[in-house]
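Please examine the sequence and the model shown below before reading on.

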Amino acid sequence: MQIAVLTFDGFNELDSFVAAAILNRMRAQGWAAHITCPSEEVTSLNGVTVRRQRPLSFAAEADAVIIGSGSKTREIAADADLLAQLQLDPTRQLIGAQCSGTLLLARLGLIGTLPACTDLTTKPWVIETGVEVLDAPFVAHGNVATAGGCLASQYLAAWMLARGGSLAAACEAIHYVAPVGEKEATVARVLGVIAPFLGEAHTAESYLVNA
C-alpha cells in the first residue's frame, strides 16, 4: 500500500507526521506513507522546513491519499491550477482529509452532499461549499473519510490501516503509539470511533475481548 500524504506550505506537522508515522508501522508488510508536495521543500506553520518524498503527481497513482491541513489551505483551495493536478479517484483509492484538508476535498467535489468532519476554524468555510459539518472527530462514506482536530489523525490512520490491511494491524499500530498505561483504553477509543464505518463492529468487540 503506497500512500501520499499531501503536505503544502503552512502545513500542520501533527496532521502530516502523525498519520505518516502510524501508517509506516506497516512498512514490513510493504506499506509506505510518503510526504507528497507540490514543491521540493515546504515549510510548516511553525517554521519547520522539510523536503518532499514524492511530487504532487504521485497522488494520482497512490493506493491511498491523506490530505493534511495548514494555514494556507484557503489559498490552495482557490488555486484552480493546483487543484487540477489532484486527480484522485475514490473508486480505487482510499482518501482521507484532516481538518482544513476537508475544504480541499469539498473543492474537488469528492464529498458532495455527504456530511463531513473538519476543525472548528475551517468549519464555516466548508459549510460555504454546501457540505454539512458534523460535531464529531471522524466520519467515512465508502472510500472517503474526513477527520476534525489535529489529534484525529490517529483515526484517519487507523481507518486506513483497517480498510487497506486489517483491523488487527490498525489495533497493533495504535497500541504501539499510545501512551504507556493508556494503551488498551486508547485502542478501545479509536476502535469505537472507526468501527461503525468498517462494517466490522462485532470483530472490533472480539478483538478487545481477546487483547
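Is R52 buried, exposed or partly exposed? The model under discussion is a predicted one, and in it R52 has a relative accessible area of 23%. The limit for a buried residue is under 20% and that for an exposed one is over 50%, so R52 counts as partly exposed.

R52 leads directly to the charged pairs of this structure. Side chains of opposite charge can pair when their charged atoms come close. Here, R52 and E40 meet through their side chains in a salt bridge, with 3.3 Å from N to O. This pair links distant parts of the chain, since R52 sits in the loop between strand 4 and strand 5 (54-55), E40 sits in the loop between strand 2 and strand 3, and the two are 12 residues apart. E40 itself is partly exposed, at a relative accessible area of 44%.

A search of the whole structure finds three salt bridges. Another of them joins R51 to E40, where the closest N and O atoms are 3.5 Å apart. Because R51 belongs to strand 4 (residues 49-51) and E40 to the loop between strand 2 and strand 3 (41-43), this pair ties together parts that are 11 residues apart in sequence. R51 has 55% relative accessibility and therefore counts as exposed. R51 also forms a salt bridge with E41, at 3.6 Å from N to O. In this case the partners lie in strand 4 and strand 3, so parts 10 residues apart in sequence are tied together. E41 counts as partly exposed, with 42% relative accessibility. Through shared partners, the salt bridges join E40, E41, R51 and R52 into one network.

The discussion now turns to the interior. In soluble globular proteins, nonpolar side chains tend to be buried together. The largest nonpolar core of this model has 42 residues, and the members that touch the most others are I3, L23, F138, W159, M160, L161 and I194. Helix 7 (residues 153-164) gives the most to this core, contributing eight residues. L23 illustrates the packing: leaving aside residues up to four places away in sequence, L23 touches I3, W31, A33, I66, A157, M160 and L161. Apart from this core lies another, of 28 residues, which includes F58, A77, L86 and L104.

R27 has 48% relative accessibility and so counts as partly exposed. The C-alpha atoms of R27 and S166 are separated by 14 Å, although these residues are 139 apart along the chain.

What of the cysteines? A disulfide is a covalent bond between the sulfur atoms of two cysteines. The structure holds zero disulfides. For C37, the closest cysteine sulfur is that of C99, and the 18 Å between them is too far for a bond. For C117, the closest cysteine sulfur is likewise in C99, at 10.0 Å, which is too far for a bond. C37 counts as buried, at 0% relative accessibility, and C117 is buried with a relative accessible area of 0%.

Rolling a probe the size of a water molecule over the atoms shows where empty space is left. In this model, about 230 Å³ of space lies in the largest pocket. Its lining consists of V18, A21, I22, L151, S153, Q154, V177, A178, P179, E182, T186 and R189. Helix 1, helix 7 and helix 9 (183-194) are the elements that give two or more residues to this lining. Helix 1 gives the most, with three residues.

Which residues does Q154, one of the lining residues, touch? Not counting residues up to four places away in sequence, Q154 touches I22, I174, T186, R189 and V190. With a relative accessible area of 17%, Q154 is buried, because the limit for a buried residue is under 20%.

How values were computed: Residues are numbered from 1 along each chain as its sequence is written. This is a predicted model: local features need pLDDT of at least 70, side-chain atom pairs count only at pLDDT 80 or more; totals for chains, interfaces and linings use all residues. Side-chain values use heavy atoms; hydrogens and water are left out. A nonpolar core is a set of buried Ala, Val, Leu, Ile, Met, Phe, Trp, Tyr and Cys residues joined through side-chain atoms within 4.5 Å. Buried means under 20% relative accessible area, exposed over 50%, partly exposed in between (1.4 Å probe, protein chains only). Helices (H or I, at least four residues) and strands (E, at least two) are DSSP runs, numbered from the N terminus. Contact means heavy atoms within 4.5 Å. A salt bridge is a side-chain nitrogen of Lys or Arg within 4 Å of a carboxyl oxygen of Asp or Glu. A disulfide is a pair of cysteine sulfur atoms within 2.5 Å. On a 1 Å grid over the protein atoms alone, a cavity is a set of points where a 1.4 Å probe fits but cannot get out, and a pocket is an open set with protein on both sides within 12 Å along at least five of seven lines; lining residues have an atom within 4 Å of a point. Grid points are joined across faces, edges and corners, and a volume is the space filled by probe spheres set on the points.
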